[in-house]
Amino acid sequence: MALAAALGLGLALGSERLSIFELTEQQRAILFDIRMPRVFLGACVGASLAVAGASLQALLRNPLAEPYLLGVSNGAALGTMLAFVFFESLGFARPVLAFAGAGVATFTVYQMARSRAGMNIERLVLSGVIVTTFLSSVIVLLTSVLDAARLRGFTFWLLGDLSQATYQGFYLTLVASLIGTAVLTSQARALNLMMIGERDALDFGVEVGRVRLIVFALASALVGTAVAASGSVGYVGLIVPHLVRLAIGSDNRLVVPFSAVSGAIFVVLADTVSRTVIAPRELPVGAITALIGAPVFIYLLRRN
Amino acid sequence: MLSVQKISITLGSRNILCDVTLEMAKGAVVALLGPNGAGKTTLLRALNGSVPVASGEIKLDGRPLREFSRREIAKSIAIVAQENETKFPVTVSEFVLAGRFARGGAFGWETEEDVRAALEALRRCDLVDFETRVMNELSGGERQRVVLARAIATEAKILLLDEPTANLDLAHQAMMFRLIRERVKSENCSAVVITHDLNLAAEFADEILMLKHGAVFAYGVPDAVLNQKNIDEVYDVQVLLDENPASGKVRVTTIY
């Protein structure tokens, strides 16, 4: 219901005022061809990122794990960019390479953060920072081959931007977010045990390796499709699961699906703000989520 | 039941355990004794298949343990180990119900049977009214009892306990061992308990396995194993042995 309200609000508000009953031909185009795919895509991107965040947090036993901070988003961004630069004619190359990039980044951070003594918060966050900055510099190097017009669009996209939304991108993220949420919810009881401890999970009957593979693969797919469509919208995977846990506790069978819905609401609202605060110009939605998300991260880090 | 035949475990180039043999009988509590680093915890972890053996074989009900899935093992064997803190606000009832994972479908929610088993386990561990408390806000002793409750809630026939009384006060130490013993006798289960308290071992164990440098030093009933020579050679301490006037079991007093 709240999701429906947020979607309605997102459709109604914008730099061009629309009346509900009388639409000119041009306004109709704005609503159906520009605003609608954008709002729907925002909802799917939000759901994908929040679900990826919630399940990575449970898997890594760390409420600070977040696709953007772990370098997963940047891995996907680099993959997208490679597709953009080298395979521009192939439509499917963007999400596929984004997924591959997200997967490689996830695996790298995980291997770096693991030590014989286990994995602690400092190692994980630090590994994420290192991978993120490394990938950022590769991305910056690659931007040197772009011309000025594409560069501006690309910079916006890097910060997380829904303005390029198409129905095609929406359908792909819709399918990914639905499948991802359903499968990860089905693993939520195992994740409840993983959240307590990897050894506990093994002792009480969880096939730890299999669950880890499922979560890494699906989180990479969710982040990959989201980033391919809208760039790196940061901190959604951090704030949303955190608020959900505050509201309903830490049982992942509820946290995962609730994060999907709340993530969708959050990004739709953030995007509505980004389109309207300095209308007719707009901000990248990633700037809005980061403005909210960074203080939340600092708060969580201090409380830990 | 579990039977351990001449298992050895190596970690890198180090031999942790060497030729350990152990037969767990129904209705019996085995105390695992030995100084720090003797290989007690490794042996316990090998017993539920989470540490691979280099040679020898562990059998569960006559079938090699390595042929079982994690879920099948978890239905038969429950473990109580030292817990790490979790960063998430997990409640006591969520924690104990997690012990029922192996019995439910992977997708589903807990059944009434699961809830009943969890509540019963909490009641037996003196944790009534703790269900909604958050794990990280409990005292060390309370956490330890919740960990035991989770193991009991599994209704597994074999209990493996790694220093279950380490954080407990005197009353709860006695409660813990009484509970383990009662359960083993009434349900025809068996238990292996690692402890450093020789007197608790003497009181509550049917058999004692003494490890030194990864090998079995002594194995038998408490009266036979707990003698001057064994304790001196395994722990390198002088002790006074006499009879506990309350129970008639052997009593160990360290001479400082």
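What percentage of the 256 residues of chain B count as buried? In this predicted model, 41% of the residues of chain B count as buried, where a residue is buried if 20 or more other C-beta atoms lie within 10 Å of its own, exposed if 12 or fewer do, and partly exposed in between, the C-beta atoms being placed from the backbone. For chain A, 54% of the 304 residues count as buried. Residues are numbered from 1 along each chain as its sequence is written, while chains are lettered from A and ligands numbered from 1 in the order in which they are written. Because the model is predicted, local features need a pLDDT of at least 70 and side-chain atom pairs count only at pLDDT 80 or more, whereas totals for chains, interfaces and linings use all residues.

The confidence of the prediction is described with the pLDDT, the predictor's confidence in each residue, from 0 to 100. Chain B averages a pLDDT of 90, and 99% of its residues score at least 70. For the complex, the predictor gives an ipTM of 0.87 and a pTM of 0.88.

The two chains can be described by their elements and dimensions. Chain A has 13 helices and zero strands, whereas chain B has nine helices and twelve strands. The C-alpha atoms of chain A fill a box of roughly 65 × 45 × 35 Å along the principal axes, and the C-alpha trace of chain B spans about 55 × 40 × 35 Å along its own. The radius of gyration, taken over C-alpha atoms, is judged by a globule rule of 2.2 Å times the number of residues to the power 0.38. For the 304 residues of chain A, a compact globule would have a radius near 19 Å, and the value of 19 Å agrees with this; for the 256 residues of chain B, the rule gives a value near 18 Å, and chain B, with 18 Å, agrees as well.

Contacts were assigned to two residues if their C-beta atoms, placed from the backbone, lie within 7 Å. In chain A, residues 24 or more positions apart account for 79% of the contacts with a separation of 6 or more.

Within chain A, helix α8 (residues 188-196) is largely enclosed by the rest of the structure, because nine of its nine residues are buried. Among them are A:Ala188, A:Arg189, A:Leu191 and A:Ile196. The buried residues of α8(A) pack against α2 (25-59), α7 (167-186), α9 (198-203), α10 (208-230) and α12 (252-276) of chain A, together with α3 of chain B.

Between the chains, 22 residues of chain B are in contact with 23 residues of chain A. On the side of chain B that touches chain A, helices α2 (70-76) and α3 (92-98) of chain B each supply at least two residues. By class, this side of chain B has twelve nonpolar, six polar and four charged residues, with Ala, Val, Leu, Ile, Met, Phe, Trp, Tyr, Cys and Pro counted as nonpolar, Asp, Glu, Lys and Arg as charged, and the others, Gly among them, as polar.

Note on methods
Helices (H or I, at least four residues) and strands (E, at least two) are DSSP runs, numbered from the N terminus.
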